[in-house]
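Hi everyone, thanks for making time this morning. I'd like to walk you through a few spots in one structure, so let me put it up on the screen.

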There are 2 protein chains.
Amino acid sequence: MPADSLPTYADVEAAATVIEGRAHRTPVLRSRRLDERAGCEIHLKAEHLQRVGAFKFRGALNALSAFDAGQRRGGVIAYSSGNHAQAIALAARETGMPAVIVMPHDAPEAKVAATRGYGAEVVRYDRYTQDREQIAADLAAERGMTVVPPYDHPHVIAGQGTAVKELLEDSGALDVVVTPLGGGGLLSGSILAAGALAPRARVYGVEPAAGDDGRRSLREGRIVTIETPRTLADGAQTTHLGHLTFPIIRDGVTDVVTATDEELVGAMKVMAGILKQVVEPTGVLALAAVLSGAIPDTAGLRVGVLLSGGNVDLARFAELVGAP
Amino acid sequence: MPADSLPTYADVEAAATVIEGRAHRTPVLRSRRLDERAGCEIHLKAEHLQRVGAFKFRGALNALSAFDAGQRRGGVIAYSSGNHAQAIALAARETGMPAVIVMPHDAPEAKVAATRGYGAEVVRYDRYTQDREQIAADLAAERGMTVVPPYDHPHVIAGQGTAVKELLEDSGALDVVVTPLGGGGLLSGSILAAGALAPRARVYGVEPAAGDDGRRSLREGRIVTIETPRTLADGAQTTHLGHLTFPIIRDGVTDVVTATDEELVGAMKVMAGILKQVVEPTGVLALAAVLSGAIPDTAGLRVGVLLSGGNVDLARFAELVGAP
C-alpha cells in the first residue's frame, strides 16, 4: 500500500492479523455505577492496558511489520509527544531494527524514560518554536532511516482501527462509538472499523476545547491548522488533521465535539475512584464528553468509549485527581 | 453448617456456586515489566475490581444467602473497618434484607458513603476505645438481627476462598500463593482452595509490620491479641485471628510475613505506574512482600498474588502515590 493511499476496512482486518498475539487484546471494562451516572450503558475499551500503555502500539507494530528488508536495515524514525514514541521504540525492538525518536522538551518524563528504556535514541526539540516534521525528515535523509508519522500513514490508521474492531466484536452492536481525537489516526481507523461492523452506529471524535482544529476542519470542509494548543491532553496537542485522516473523518464521522481540561480531570477522577484505573488526560477525552453531555442523545443506549492511554507521571496524576 | 464448625474445600465449592453470576469473576492481571522487576512470574488476582471494590463481597454474599426465612426478616448487622461493611450492605440489598453496619469514626469517608449508598444504616464507634463486637451484639439482641462477623464465620471463609479457586483455575498451577492477612478470612479460605487445587503450592499471609499478631500467633501456637495497630493498611488493623481462621492457618500456611507502610506505598506506586490500577494500602500487602523479598525463594517461579481491594479516598491515594 503506497504511503499516500487511503486505507480501507480490509487494511484494518489485515492489521488485526499482523498484531494478533503481539499486541494485547485489551479488556472491555463495565461498571454499574458508571452506567448509573452516565445514564447509558458504557463499554470502555481499555487501551491504557495496551502494551506501552496506549493504543499507539497497534499502528506502530502494523507499520513496522510492513517495512521491506532495506527499510529494516536503516531503521525507523518517529516524532511524537509521547505514546507514539514508546510504541515505535518497542515495535522497533521487537522487529529488530534501530529507532530514533524526536520528542518535545516538555514531554512527560515517564514517556521519555520509557522510550529510552525500549532502546531507542531520543532527540529533543521545542514544541512551540521548532518543526518536528522537518527535524525528523533531515535526520531520516542523513541516516537512511524511514519516518513513520504518528497518524497520517495508512498502516498506522489501519492498525489503530483494530481497537474498535475488537470492541465491537467483544461488546456486540453499539449505538454510539466515541474516541479521542488528536491527529485523527485513532478516529479514522475507528470509522473504518465501525463502518464495516456497526454501520448504523454514530461515531464521534473528542478533542481538547483548547485545540478544536478537527471540529473547525469539519465545519469548513478543509484542514484547518491552529497554534499548538495548551491543554492537559498532551497526546492531543496536534495542530492539524492529516491528508489521509481528514477525508476519512469528513466522510465518516457523525460529529467532532470537545472537552475542557476541567472535564478531563473529572473523568480521570471517575476512572480512578469508580473503575480503579489510572488513565492519562488525553485518554479520557471520549469519556469526558459522554459524561458532560457533549455527545447528544445517549440516554439508555449502548455506548463504546475508547480509553486511549495511561501514561502520566504519577506525581502529575496525583496532583490532578487529588485536588478537591 | 453451624457457625462454629471449620469449613472445608467442599464449602468453597458450594460458595462458588452460590456467588456465580452475582459476584464478578475478576480478571488475573499480568505485566512483563512487573515480572522483570520481581524476578518471577506474577499473577495478580484483581479483587479491587470485585463488586464493592474488594473480595469481601464473596464472603458476605455467601453468608447472607445461607440465612433462613426468620433471619432474612430480621436482617443483618456487621462491624467492619470498611470493605466488609460495604459488602454486607450490598449483599443485604441484593438478598432483600435490612442491614446495620457498625463502623469506626476514622473509617475512610469513601467507605462510609458507599456503605450508606447501598442502603445500610451506619452506627459509628471509636476503634481505639470501644469494643465493636459488643456494640454489634447489643444491637443485634435489641433488634432481632443476625451478626455476620468480618472473618470468623464458616460461610465467610468459604466465600473468600473462591478468589484463589478462580485464580488457580485461570492461571493453572502456581508455585506460591500470597494473600493479605488481617483477621484471616481470606488467608484461611485461600488455604482451603490451594490445599485442594494446588497442594504443592506454598501459601503465605502478609500482615502489616505494625500489627504482626498473626505471625506471633503462628510462632506461639495460640491466638495472640495485640493493641489496634496504627498502619496505612486500615483493612488489616485487626487485633487477633479468629477461632476458626487460626487453626486453618496454623495447619495450612507456609509462613506469615510482614510489610511496612513504606513498602505498601512502594507497591501502590508500582500498581498505579506500571499496571495503571488503583489499589488501597491493605490491597497491596501481598505484592509488597513479594517485591521486598519477604517471601523467600520466588526466583523464576509462578507466584499468585491477591490484590484484595481498591477502596481508598482519592485525595489520600494521591497523597501516597504522588510523594517522591
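Let's begin with strand 3 of chain B, residues 76-79, which is covered on both faces. Val76(B) and Ala78(B) are buried on one side, and Ile77(B) and Tyr79(B) are buried on the other. Keep in mind, please, that this is a predicted model.

Who are the strand's partners? Strand 4 of chain B, residues 99-104, runs parallel to strand 3 of chain B and is joined to it by four bridges. Within that pairing, Ala78(B) has Ile101(B) as its bridge partner. Strand 3 of chain B also pairs in the parallel sense with strand 6 of chain B, residues 146-147, through two bridges. There, Val76(B) sits opposite Thr146(B).

Next stop, Cys40(B). You'll find Cys40(B) in the loop that links helix 2 (32-38) to strand 2 (41-46) of chain B. Is Cys40(B) buried or exposed? Its relative accessibility is 4%, so Cys40(B) counts as buried. Beyond its neighbours within four places in sequence, Cys40(B) touches Asp35(B), Val290(B), Thr298(B), Gly300(B), Leu301(B) and Val303(B).

Last, helix 14 of chain B, residues 314-322. Its buried residues are Leu314(B), Phe317(B), Ala318(B), Leu320(B) and Val321(B). These residues span an arc of only 170 degrees around the axis, so they lie on the same side of helix 14 of chain B. And what covers the buried residues of helix 14 of chain B? The cover includes helix 12 (261-273) of chain B, along with helix 12 (261-273) and helix 14 (314-322) of chain A.

Note on methods
Residues are numbered from 1 along each chain as its sequence is written. Chains are lettered from A and ligands numbered from 1 in the order in which they are written. This is a predicted model: local features need pLDDT of at least 70, side-chain atom pairs count only at pLDDT 80 or more; totals for chains, interfaces and linings use all residues. Side-chain values use heavy atoms; hydrogens and water are left out. Buried means under 20% relative accessible area, exposed over 50%, partly exposed in between (1.4 Å probe, protein chains only). Contact means heavy atoms within 4.5 Å. Two strands pair if DSSP finds at least two bridges between them. The arc is that of the directions from the helix axis to the C-beta atoms.
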